[in-house]
Amino acid sequence: MATIPEVMSDTPTRDDDQLLPEGDSIDQPSADTPTRGYTDEQKYQIFNKEFMPHIDSMYNFAFRLTMDEDDANDLVQDTYLKAFRFISSFEQGTNAKAWLFRILKNSFINDYRKKSKEPAKVDYQDVETTYNSEDAESEHTVDLRAESVSDLIGDEVANALNALPVDFRTVIILCDIEGFTYEEMAKILDIPIGTVRSRLHRARNLLKEKLRDYASSMGYKEENEE
């Protein structure tokens, strides 16, 4: 499990601008998310009561992204340091989990992807075309929270999920495991809701194919097969 180091009071660099949630910038925060004059005591209170309870989910998300325990720990620590540094742009009492997930996602893209441990980002042009086509409305994908996979071994489900490209894996984690809404996912991922839907649609289909292949290898048959 990730351990949070002592919070540092250094000054953020220009590279950190893009890590601010909700489009804030260091020089001029947006009007929608103004900086708040928290006292040091209030900052630590927010950090401990609103941020720390999500550390397990943060680590699980980080591990699914990095596929490495050490990298996941580093990513979580980096996320919590940045969360404290930019805590004045967080509104107390709002969705701290989504706020933290967005910082973690940006940290992963900006820092950890550069290590080339993950494949290149997926080209979604064909996915968007499919989603926007007339046939897309009739296609059916099942929310993993409702779909029965009781006949499958848990490790195989996890392996199938881990085998997905990172962008597809991420939307399934956010929606079907962490329970974020499409609107929250769009903010976390910095993409339109339509892209969230199309990406999730394709990701679920890919995962279902992998699970079907595994079920077939174990001798299971689909209900419509004789």
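1. Arg 204 and Asp 176 form a salt bridge in this predicted model, with their closest N and O atoms 2.7 Å apart. The pair links distant parts of the chain, since Arg 204 belongs to helix α9 and Asp 176 to helix α7 (residues 166-177), 28 residues apart. Arg 204 counts as buried at 9% relative accessibility, and Asp 176 is likewise buried, with a relative accessible area of 6%. Both values fall under the 20% limit for a buried residue.

2. Salt bridges with shared partners join Arg 102, Lys 105 and Asp 190 into one network. Within this group, the side chains of Asp 190 and Lys 105 meet at 2.9 Å, N to O. Asp 190 lies in the loop between α8 (182-189) and α9 (193-217), and Lys 105 lies in helix α4 (residues 96-112), so the pair ties together parts that are 85 residues apart in sequence.

3. Lys 82 counts as buried, with 4% relative accessibility. In total, the structure holds five salt bridges. As a general point, side chains of opposite charge can pair when their charged atoms come close.

4. The largest nonpolar core has 49 residues. Phe 51, Val 76, Tyr 80, Trp 99, Leu 104 and Leu 174 have the most contacts inside this core. At least two core residues come from each of α1 (40-51), α2 (55-66), α3, α4, α6 (154-162), α7, α8 and α9. In soluble globular proteins, nonpolar side chains tend to be buried together.

5. Phe 51 may be examined individually. Leaving aside residues up to four places away in sequence, Phe 51 touches Ile 46, Tyr 80, Ala 83, Ile 87, Phe 90, Ala 96, Trp 99 and Leu 100. Among these neighbours, Tyr 80 and Trp 99 are themselves listed with Phe 51 as having the most contacts inside the core.

Definitions and conventions: Residues are numbered from 1 along each chain as its sequence is written. This is a predicted model: local features need pLDDT of at least 70, side-chain atom pairs count only at pLDDT 80 or more; totals for chains, interfaces and linings use all residues. Side-chain values use heavy atoms; hydrogens and water are left out. A salt bridge is a side-chain nitrogen of Lys or Arg within 4 Å of a carboxyl oxygen of Asp or Glu. Buried means under 20% relative accessible area, exposed over 50%, partly exposed in between (1.4 Å probe, protein chains only). Helices (H or I, at least four residues) and strands (E, at least two) are DSSP runs, numbered from the N terminus. A nonpolar core is a set of buried Ala, Val, Leu, Ile, Met, Phe, Trp, Tyr and Cys residues joined through side-chain atoms within 4.5 Å. Contact means heavy atoms within 4.5 Å.
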